[in-house]
Amino acid sequence: MSVISNSLMNNEEILERAMVSFDQVKYKAIMLTVALTIFYLSQTFLTIIAVLSFIPAAILIVYTYMQYASVEVALTNQRIIAKHGYFSHRVDSIAWKKVESVSMYQGWLGRKLNYGIIRVSGVGGELVAGGFLENPSEFRKSAIALIPE
């Protein structure tokens with residue numbers, strides 16, 4: 001059971017979930033595969049270059065997977081909830097009646113791979129719902145539809 005599911009109140013149900021885009025992990029895994037191929041096919045001099053390319057690629061893959069597994073965002077009928085953290089969790093939420101705006105940021109690569117950052121501004125502060133979320137424009141539209149007028 002997810003952390004968000006455990007934090008639901010009475011009569012609260014999840015309407016939509018968003019996760020970090022898996023495309024990041026996929027393309028970085030391709031980069032790691034290329035580095036491993038160079039590592040195994042290289043000669044003596046190229047081994048140093050291969051090791052130097054393998055280490056950052058492996059660190060990038062582990063970091064990206066932890067980022068993928070550590071962010072979860074959900075829209076419920078009462079609020080928006082965001083969970084951050086892999087080993088320890090931080091759960092933030094804003095009730096819909098306190099939400100002022102929902103914004104989205106997508107860079108060039110985010111537009112091509114369909115991921116982006118969602119920020120929710122509410123009375124008294126801002127909640128960064130998550131970075132690199134899949135299909136952020138649809139998630140933003142769903143969130144805006146839930147804000148009471």
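1. In helix 5 (residues 136-146), Pro136, Phe139 and Ala143 are buried. Buried means under 20% relative accessible area, exposed over 50%, and partly exposed in between (1.4 Å probe, protein chains only). Helices (H or I, at least four residues) and strands (E, at least two) are DSSP runs, numbered from the N terminus. Lys141 and Ala145 are exposed residues on the face turned away from the buried side of helix 5.

2. This is a predicted model, in which local features need pLDDT of at least 70, side-chain atom pairs count only at pLDDT 80 or more, and totals for chains, interfaces and linings use all residues. Residues are numbered from 1 along each chain as its sequence is written, and side-chain values use heavy atoms, with hydrogens and water left out.

3. The structure holds four salt bridges (a side-chain nitrogen of Lys or Arg within 4 Å of a carboxyl oxygen of Asp or Glu). One of them joins glutamate 138 to lysine 141, with the closest N and O atoms 3.6 Å apart. Both residues lie in helix 5, three residues apart, about one turn of the helix. Glutamate 138 is partly exposed at 38% relative accessibility, whereas lysine 141 is exposed at 52%.

4. Another salt bridge links the side chains of glutamate 72 and arginine 17 (2.3 Å, N to O). Glutamate 72 lies in strand 2 (residues 72-76) and arginine 17 in strand 1 (residues 14-19), so the pair ties together parts 55 residues apart in sequence. Glutamate 72 is buried, at 9% relative accessibility; arginine 17 is partly exposed, at 37%.

5. Arginine 90 and aspartate 92 also meet through their side chains in a salt bridge (3.0 Å, N to O). Arginine 90 is partly exposed at 47% relative accessibility, and aspartate 92 is partly exposed at 23%.

6. Serine 93 is in strand 4 (residues 90-95) and is partly exposed, with a relative accessible area of 36%. Leaving aside neighbours within four places in sequence, serine 93 is in contact (heavy atoms within 4.5 Å) with Arg79, Ile80, Ile81 and Leu127. Serine 93 and alanine 74 are 19 residues apart in sequence, and their C-alpha atoms are 9.5 Å apart in space.

7. Tyrosine 65 lies in helix 3 (residues 44-70). Tyrosine 65 is partly exposed, with a relative accessible area of 41%.
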